[in-house]
Amino acid sequence: MHTPPLVLTIAGSEATGGAGAQVDLKTFQQHGVFGCMALTCIVSFDPQDHWAHRFVPVDPQVIADQLEVITTTYPPEQLDVVKIGMLGTPATIETVAGVLRERRFGHVVLDPVLICKGQEPGAALDTDEALKALVLPLATFVTPNHFETMSLSGMETIETVEQLTEAARLIHERSGAAVLAKGGVHLPGPDAVDVYVDADRTEVLSSPKLGDGVQVAGAGCTLAAAVAAELALGATNYEAAVAAKAFVTRGIEARMGSSAPFDVVWQGA
Ligand code: PXL
């Protein structure tokens with residue numbers, strides 16, 4: 001019998017396989033970690049409308065059912081790491097937060113997916129507020145992108161490494177979680193810079209920007225999933241951050257093109 005480490009992802013489907021739960025499961029498998037999944041929503045880009053997001057939430061009861069069977073099948077000593085991706089509605093967030101309060105996971109890796117195109121702005125704002133109020137305080141590790149770092153920190157501009165660091169510290173102080181704030185291609189200069197902050201250390205992680213600024217989808221999902229997999233394998237938060245960034249960098253180098261207007265990360269690199 002095998003006894004691989006386990007990770008649960010609570011995330012949405014992105015049909016083309018470039019983002020969302022599909023990316024999480026591929027990333028887990030690539031790390032030798034057994035993945036299970038509670039699906040929160042189904043996203044189908046609309047090729048007739050500039051690849052806008054068509055978004056259908058899964059019924060909160062069905063999400064609760066999935067989490068019930070997963071947490072019953074795998075007791076805490078077997079399944080201690082959860083990764084949270086797109087939740088999408090306040091009702092979904094309440095359901096997921098309820099389960100996280102009941103079943104205390106040792107590691108809660110939150111990719112704070114805030115805005116999904118194709119949603120009503122009003123609904124998206126409710127969703128953002130619910131995520132900040134109900135899920136962020138339960139996270140042990142959070143991986144905001146440039147926009148999400150501004151939103152979670154309340155800072156209006158982040159254009160330098162110093163500002164990114166200050167924002168990451170603010171998010172750490174507010175949530176208590178380890179923070180990997182992703183500057184990505186948004187800060188000027190030749191490097192993709194991320195900042196890691198926890199109670200003990202602040203580290204700037206840099207790697208050269210790749211691919212002449214071409215948009216690569218799925219990098220955020222891949223990064224957070226790789227962090228979760230590394231934690232399940234026994235890494236510390238900081239070790240997980242460093243290894244996950246290297247994994248995503250390799251996946252972006254080996255990115256895959258298609259008829260969509262963006263490339264996607266190849267997790268098999
Ligand atoms: O990359 C963010 C993301 C996460 N989850 C799902 C998505 C997307 C972006 O399209 O569709 C399901």
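**Rings and a ligand**

Let's start with tyrosine 74, which is buried, at a relative accessible area of 17% (buried means under 20%, exposed over 50%, partly exposed in between, with a 1.4 Å probe and protein chains only). Keep in mind that this is a predicted model, where local features need pLDDT of at least 70, side-chain atom pairs count only at pLDDT 80 or more, and totals for chains, interfaces and linings use all residues. Residues are numbered from 1 along each chain as its sequence is written, and side-chain values use heavy atoms, leaving out hydrogens and water.

There are four aromatic pairs here, counting rings of Phe, Tyr and Trp (its six-membered ring) with centres within 6.5 Å; planes under 30 degrees apart are stacked, over 60 edge-to-face, the rest tilted. Phenylalanine 34 sits in strand β2 and tyrosine 74 in the loop between α2 (60–73) and β4 (81–84), 40 residues apart (helices, H or I, of at least four residues and strands, E, of at least two are DSSP runs, numbered from the N terminus). Phenylalanine 34 is partly exposed, at 39% relative accessibility.

Elsewhere, Phe141, Tyr196 and Tyr238 make up one aromatic cluster.

Now for the ligand. Around it you'll find residues including Gly12, Phe45, His53 and Cys221 (a heavy atom within 4 Å puts a residue in this group). Which element gives the most to this shell? That's β1, with three residues.
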